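Okay, thanks everyone for coming. I'd like to walk you through one model today, so let me put it up on the screen.

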Amino acid sequence: ALEPAPAPVRAAPAPVSGPLQNAAIADRYRGALILFGKGRMADARAALQQVFDADPSGELADNALYWIGETYYAASDFSNAMRAYERVTKEYPEQNKAPDALFKIGLTFEKTGDLGMARKTFDEVIRRCPYSTAESSSMLELKRVKYYPVPATAAQSTQRWASVDAASPWTDAAPPAHTPSGRPRPKLRAS
């Protein structure tokens with residue numbers, strides 16, 4: 001008696017590579033950004049981590065790390081946001097998200113109250129990233145941070161504003177009546 005012919009052996013599907021792999025990664029990246037836009041930070045972070053892990057030397061690696069930082073920043077987890085932004089600037093210094101990550105490091109310092117480091121970082125963005133959006137944003141932040149109140153310590157109890165120096169015509173805790181551009185500051189309404 002004849003035995004039935006064995007079923008043909010199917011080869012395991014070849015791993016996706018080349019343009020198809022890049023398209024799949026790009027689709028996952030877009031999906032992660034949609035999750036971010038919906039406020040689903042943990043899901044977005046996990047999806048972005050998958051994008052990064054799929055191709056850490058690929059075109060979207062710096063973008064994925066940057067947006068991982070953004071998920072932490074949006075959740076006010078500034079230490080993890082800082083770690084992600086620093087990885088972008090150190091591991092991908094020539095990529096498109098490096099200037100934005102450096103700018104966000106400055107904002108993170110600002111959020112955590114380290115205005116000196118924030119100013120230093122914004123200055124570094126201006127120096128290292130000319131003609132970028134991050135540069136113009138840093139210039140605006142430097143102007144804004146200039147008038148932030150500095151927490152009073154025993155040594156600086158009479159000097160509360162970071163922009164006040166010994167020659168300043170005003171030394172109380174109120175900001176000047178006019179903005180740096182000369183326009184009157186808006187009056188705050190009591191609520």
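I'll start with helix α5, because 12 of its 14 residues are buried, so the rest of the structure largely encloses this helix. Just keep in mind as we go that what you're looking at is a predicted model.

Which residues of α5 are buried? Reading along, they are A98, P99, A101, L102, F103, K104, I105, G106, L107, T108, F109 and E110.

Now a quick check on the helix itself. α5 runs over residues 98-111, and at 1.5 Å a residue its 14 residues should span 20 Å. The C-alpha atoms at its ends are 20 Å apart, so that agrees. After α5 comes G113, and its phi is positive, near 90 degrees.

Let me zoom out for a second. As for contacts between residues at least 6 apart in sequence, 38% join residues at least 24 apart.

Next up, a helix pair. Helix α2, residues 41-54, packs on helix α3, residues 61-74, at an angle of about 160 degrees, and their axes are 9 Å apart. With that angle, α2 is roughly antiparallel to α3, because over 145 degrees counts as roughly antiparallel. The crossing of α2 past α3 is left-handed.

Who makes that contact? On the α2 side you have M41, A44, R45, L48, Q49, V51 and F52. On the α3 side, look for A61, A64, L65, W67, I68, T71, Y72 and A74. Sorted by class, the contact of α2 with α3 has 12 nonpolar, 2 polar and 1 charged residues.

Last stop, still in α3: have a look at N63, which is found in that helix. Is N63 buried or exposed? Its relative accessibility is 8%, and the cut-off for buried is under 20%, so N63 counts as buried. And what does N63 touch? If you leave aside neighbours within four places in sequence, N63 is in contact with Y29, N96 and K97.

Methods. Residues are numbered from 1 along each chain as its sequence is written. This is a predicted model: local features need pLDDT of at least 70, side-chain atom pairs count only at pLDDT 80 or more; totals for chains, interfaces and linings use all residues. Side-chain values use heavy atoms; hydrogens and water are left out. Axes are lines fitted to C-alpha atoms, for helices over the stretch in contact, and angles run from 0 to 180 degrees between N-to-C directions. Helices (H or I, at least four residues) and strands (E, at least two) are DSSP runs, numbered from the N terminus. Angles under 35 degrees count as roughly parallel, over 145 as roughly antiparallel, 65 to 115 as roughly perpendicular and the rest as oblique. A crossing is left-handed if the near helix is turned anticlockwise from the far one by less than a right angle, and right-handed if clockwise. Contact means heavy atoms within 4.5 Å. Ala, Val, Leu, Ile, Met, Phe, Trp, Tyr, Cys and Pro count as nonpolar, Asp, Glu, Lys and Arg as charged, and the others, Gly among them, as polar. Buried means under 20% relative accessible area, exposed over 50%, partly exposed in between (1.4 Å probe, protein chains only). The expected span of a helix is 1.5 Å times one less than its number of residues.
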